[in-house]
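Please consider the following model with attention to its aromatic side chains and their surroundings. An explanation in running paragraphs follows.

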Amino acid sequence: QVDIVLVLDQERLYNKLSTEFQGKVTVVKLSKSGGVAHLDSNFKKGEFAESFHRYFYGIHGDLCPFSIKKTFEELNIFKFEDVFTHVDALPIGSTQNLQPLHVKRVEPNYGLVSRIGGLLQYSIAVGEEKNDEKILRSPIYGLILFKEVNEADRTITLFTTFSDQFPSNCIVVGDLSWFNK
């Protein structure tokens with residue numbers, strides 16, 4: 001459970017969170033140090049792309065990632081959705097549930113291509129229902145990249161640092177994309 005939230009140099013966000021979590025969570029406002037410089041978006045995008053390149057290929061380009069093909073049935077793909085309701089939208093006398101994340105299953109589709117996912121340590125056995133709490137709390141083994149989704153063959157090609165012995169069948173995907181050169 002979250003008991004402290006740190007807000008860096010965002011007065012509006014600090015006030016909003018302080019009001020919404022009054023008495024339930026400690027909200028602390030921090031100010032930036034004088035040496036902080038704002039970076040332009042092109043620099044940030046370049047650093048982002050370079051960090052993923054280093055992850056898959058190594059600092060000196062001496063690693064060789066694997067390309068693995070899996071069927072739709074072999075994988076369980078999820079995403080986290082924010083179901084946070086603003087306190088003004090709640091019925092009078094109601095309080096906000098402090099579990100604002102919901103786990104939603106993602107059906108494989110072409111929209112996954114070039115997206116970054118995390119391979120969860122939690123795995124689902126055949127016939128087992130998903131356990132939202134275990135998915136939310138599961139650490140990840142590492143990152144994967146969705147290279148290709150073939151809906152006709154019902155296969156997904158993944159770019160990964162793992163060999164063909166995948167340690168799990170659960171992947172959580174977000175909004176991050178990386179276009180490998």
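Does Phe 56 count as buried or exposed? In this predicted model, Phe 56 counts as buried, because its relative accessibility is 1% and the limit for burial is under 20%.

Phe 56 belongs to one aromatic cluster, formed together with Phe 48, Phe 52, Tyr 55, Tyr 57, Phe 159 and Trp 178. Eight aromatic pairs are counted in the model. One of them joins Phe 48 and Phe 52, whose ring centres lie 4.8 Å apart; their planes meet at 75 degrees, so the pair is edge-to-face. These two residues are four places apart in helix H2 (residues 41-57), which means that about one helical turn separates them. Phe 48 is partly exposed, with a relative accessible area of 30%, whereas Phe 52 is buried at 8%.

Attention may now turn to strand S8, which spans residues 155-160 and includes Thr 155. Thr 155 is buried, because its relative accessible area is 12% and burial requires under 20%. Leaving aside residues up to four places away in sequence, Thr 155 touches Lys 69, Lys 70, Thr 71 and Phe 72, as well as Glu 148, Val 149 and Asn 150.

Technical notes. Residues are numbered from 1 along each chain as its sequence is written. This is a predicted model: local features need pLDDT of at least 70, side-chain atom pairs count only at pLDDT 80 or more; totals for chains, interfaces and linings use all residues. Side-chain values use heavy atoms; hydrogens and water are left out. Buried means under 20% relative accessible area, exposed over 50%, partly exposed in between (1.4 Å probe, protein chains only). Contact means heavy atoms within 4.5 Å. Rings of Phe, Tyr and Trp (its six-membered ring) pair if their centres lie within 6.5 Å; planes under 30 degrees apart count as stacked, over 60 as edge-to-face and the rest as tilted.
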